[in-house]
Amino acid sequence: MEPRPEAFPESLPTEAGAEVEDLRTLGAELQQWANEVPLSAGFSESLRGRMEERPWELRIALRERPLLRVAAALLVISTIAAPVSALVLLLPGLERSDPMIMMELPVQVPDVVLEEARPEIPAIPPSVPGFDSAFDADWQASVAQSNRTAVMQAQWLQARSDADPAVAAPAPAHLEWTHASLAELVLEFERRALLGITTPLPGSLVELIESILADTPAADCPAALRAWHWILHGDGPPPVPQVF
Amino acid sequence: MQPGPDDLLVRFQAGDAAAFDQLVSEMGPRLKGYFLRQGAQNATAEDLTQLVFVRVFQARQRYKSSGRLDAYLLRIAHNLWIDSRRRKRFLTGGDDLPDAVDSSPGPAEEAVAGDRASVLRAALGRLPVETRELLELAVLQRLPYQEVSEILDIPVGTVKSRVYYSLRKLRDKLAVLEPEADQDGTSSGSLS
């Protein structure tokens, strides 16, 4: 026996007492008030017309509309294509050949041109409208001097490959070089070479180098000072064989 | 409307064409009343009522009499009403506007008019949509709580308790609306 289906108003909470009666009356009044609303005169006729309309069905639409068929075919193909191609690639029978990466080593050794002297690298000023004065002859001389410093430092580093970089002091030994000794000048060259400093020398250092070079015969002059002489004046091509 | 031999749709499946006409004439006014009380305009209510019957007609081969036929129809009506509101919200950009310009008096105006039915309609109109629908199905349409629970997709126990609280809420609304109607001097009847 099926249980009796519960419905309003039997199942209102009994503990609520008098209020339940109140609500039952309200519910009954609502039920009495909710009269059925008459349908319009043409309701049945209109309903019959709508029922006779054929409902939309995919099968029928596909049969009648070629564009829909094309769209459906594209959808099916694009949906199936990816998994099918992935499956085909996974088949064990299909041997895949990994692409081989080939490269040919150059067999021709480039000609080494041995020259008497290194070529002079000209300093070409950039063309910046409005800043032409910033790249005048002084600028070019300064760049040429830096280049020569780099050449000499490269020679020194090549000759002194065992030089300990730790000996290079992080700051200049002197701010004023007027009373520096010959040994200090040599040490300063090495320090600059180790740190790769190619900036122009301070004025007092240049004066001291020039005065020592003027007073000392070339044969007795330390290599560092001869290098500096070439750096400062750039007489001719870089000295080959090496100064150091 | 009980299941079994008296189920009009079963008779219609068996070839009794007149059973469907009887179904329309019996359930049509109830369904229209349902839609109207949910807030639909007259034309929309008739349109949705027709749609209910069209859906029933289209699904007639799949129908199996497993419950009350009126619950089956009201379930379709409930779904159609939800779809209709959703479509309207989409078209109006989120505003739950009425179907068309409504020339009938609104809930407040009806309450002031003083007629008891108008006061009830106004009080129902002021309830939240969910509460209104619960009262509609469980009280006005007199469906068993089990059917209401399945239509609204809430437990039977919840239906019971909500009916109780919804009636209390409606009574409170009426208590607010009735003095307004009394002031207008046209009120009649009482609640308890």
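## Burial and fold of chain B

Of the 192 residues of chain B, 36% count as buried. The model is predicted. Chain B has nine helices and zero strands. From the N terminus on, its elements read α-α-α-α-α-α-α-α-α.

## Helix 2 against helix 4 in chain B

Two packed helices are described by the angle between their axes and the distance between the axes. In chain B, helix 2 covers residues 17-38 and helix 4 covers residues 69-91. Their axes come within 11 Å. They cross at roughly 35°. The crossing of helix 2 of chain B past helix 4 of chain B is right-handed.

Which residues make the contact? Helix 2 of chain B supplies B:Met27, B:Leu31, B:Tyr34, B:Phe35 and B:Gln38. Helix 4 of chain B supplies B:Asp70, B:Leu73, B:Leu74, B:Ala77 and B:Trp81. By class, this contact has eight nonpolar, one polar and one charged residues. B:Gln38 is the polar residue and B:Asp70 the charged one, because Gln counts as polar and Asp as charged.

## Two loop residues with positive phi

Most residues other than glycine have a negative phi. B:Arg142 has a positive phi of about 55°, although it is not a glycine. B:Arg142 sits in the loop between helix 7 and helix 8 of chain B. Is B:Arg142 buried, exposed or partly exposed? B:Arg142 has 14 C-beta neighbours inside 10 Å, so it counts as partly exposed.

B:Asp153 also has a positive phi, of about 60°, and is not a glycine. Its place is the loop between helix 8 and helix 9 of chain B. B:Asp153 has 7 other C-beta atoms within 10 Å, so it is exposed.

## Where the chains meet

How many residues are in contact between the chains? On chain B there are 32, and they touch 28 residues of chain A. Several elements of chain B give two or more residues to this side. They are helix 2, helix 3 (42-58), helix 6 (116-125), helix 7 (129-140), helix 8 (145-152) and helix 9 (156-183).

The side of chain B that touches chain A divides into 19 nonpolar, six polar and seven charged residues.

## Chain A and its helix 4

Chain A has eight helices and zero strands. Read along the sequence, the pattern is α-α-α-α-α-α-α-α. Chain A has 244 residues, and buried residues make up 13% of them. Among contacts in chain A with a separation of 6 or more, 62% are between residues 24 or more positions apart.

Helix 4 of chain A spans residues 66-90 and has 25 residues. From its first C-alpha to its last, helix 4 of chain A reaches 36 Å. That is close to the 36 Å expected at 1.5 Å a residue. Where does helix 4 of chain A kink? The kink lies at A:Ala81, shortly before the proline A:Pro83. Its angle is about 35°.

Why does helix 4 of chain A lie largely in the open? Of its 25 residues, the number buried is zero.

How values were computed
Residues numbered from 1 in each chain as written. Chains lettered and ligands numbered in written order. Predicted model: local features only at pLDDT ≥ 70, side-chain atom pairs only at ≥ 80, totals over all residues. Helix = DSSP H or I, 4+ residues; strand = E, 2+ residues; numbered from the N terminus. Expected span 1.5 Å × (residues − 1). Bend = angle between axes of the 7 residues up to and from the residue. Buried ≥ 20, exposed ≤ 12 C-beta atoms within 10 Å, placed from the backbone. Axes fitted to C-alpha atoms, helices over the stretch in contact; angles between N-to-C directions. Left-handed = near helix turned anticlockwise from the far one by under 90°. Contact = placed C-beta atoms within 7 Å.
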